[in-house]
Amino acid sequence: AVALALLAVGGYHVYKGVSKKFLEDLRVSGGTAVNATGVAGYAAKGLVLAGAGVLVIIATLQADPSKASGLDAAVKSLGHAPFGKFLLILAALGLAAFGAYSFVRSRHGRM
């Protein structure tokens with residue numbers, strides 16, 4: 001259930017970013033920078049959440065308590081994958097974009 005919830009929330013965030021629904025949360029119309037950071041940030045946040053959901057599903061299917069590891073081990077194993085470092089950098093940049101959008105939202109968000 002937790003994995004499915006993570007996948008659903010992740011999918012919603014990707015949808016909200018790509019469809020630019022996040023602009024409805026702002027009092028201003030947004031500009032190029034706001035659109036770019038909002039789209040990239042929400043999409044990255046959604047993909048990271050969905051990825052966490054996939055990891056929970058995999059952990060559930062391969063339930064072996066002797067091989068249990070934390071999130072740090074999952075990130076390390078992703079970093080050792082063929083394009084893992086690139087994916088980690090891409091996720092970090094996307095989450096940084098979401099952080100930048102969050103600053104805009106804190107100033108111009110609808111109440």
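User: Is His13 buried or exposed?

Analyst: His13 counts as buried, because its relative accessibility is 12% and the cut-off for buried is under 20%. Keep in mind that this is a predicted model.

User: Thanks. Which helix is His13 found in?

Analyst: His13 sits in helix 1, which covers residues 2-18.

User: And which backbone oxygen lies 2.9 Å from a polar atom of the His13 side chain?

Analyst: That's the backbone oxygen of Val9.

User: What is His13 in contact with, leaving aside neighbours within four places in sequence?

Analyst: With those neighbours set aside, His13 is in contact with Tyr42, Ala43, Lys45, Gly46 and Leu49.

User: Let's switch to the helices. At what angle do helix 1 and helix 2 pack?

Analyst: The angle is about 165°, and the axes of helix 1 and helix 2 are 7 Å apart. Helix 1 and helix 2 are therefore roughly antiparallel to each other, since an angle over 145 degrees counts that way.

User: What about the handedness of the crossing?

Analyst: Helix 1 passes helix 2 in a left-handed crossing.

User: New topic, aromatics! How many aromatic pairs does a search of the whole structure find?

Analyst: The search finds five aromatic pairs. One of them is Phe22 with Tyr42: the ring centres are 5.8 Å apart and the planes are at 20°, so this pair is stacked.

User: Where do Phe22 and Tyr42 lie?

Analyst: Phe22 is in the loop between helix 1 and helix 2 (32-61), while Tyr42 is in helix 2, so the pair ties together parts that are 20 residues apart in sequence. Both Phe22 and Tyr42 are buried.

User: How is the aromatic pair of Phe22 and Tyr101 arranged, then?

Analyst: Phe22 and Tyr101 form an edge-to-face pair, with 5.2 Å centre to centre and 80° between the planes. This pair links distant parts of the chain, 79 residues apart: Phe22 is in the loop between helix 1 and helix 2, and Tyr101 is in helix 4 (residues 84-108).

User: What relative accessible area does Phe22 have? And Tyr101?

Analyst: Phe22 has a relative accessible area of 0%, so it is buried. Tyr101 is buried as well, with a relative accessible area of 1%.

User: Last one: which residues do the ring pairs link into a cluster?

Analyst: The cluster holds Phe22, Tyr42, Phe98 and Tyr101, linked by ring pairs.

Key:
Residues numbered from 1 in each chain as written. Predicted model: local features only at pLDDT ≥ 70, side-chain atom pairs only at ≥ 80, totals over all residues. Heavy atoms only, no water. Helix = DSSP H or I, 4+ residues; strand = E, 2+ residues; numbered from the N terminus. Buried < 20%, exposed > 50% of the residue type's maximum accessible area, 1.4 Å probe, protein only. Polar contact = N/O pair within 3.5 Å; in protein donor to acceptor, adjacent residues only side chain to side chain. Contact = heavy atoms within 4.5 Å. Phe/Tyr/Trp six-rings, centres within 6.5 Å; stacked < 30°, edge-to-face > 60°. Axes fitted to C-alpha atoms, helices over the stretch in contact; angles between N-to-C directions. Parallel < 35°, antiparallel > 145°, perpendicular 65-115°, else oblique. Left-handed = near helix turned anticlockwise from the far one by under 90°.
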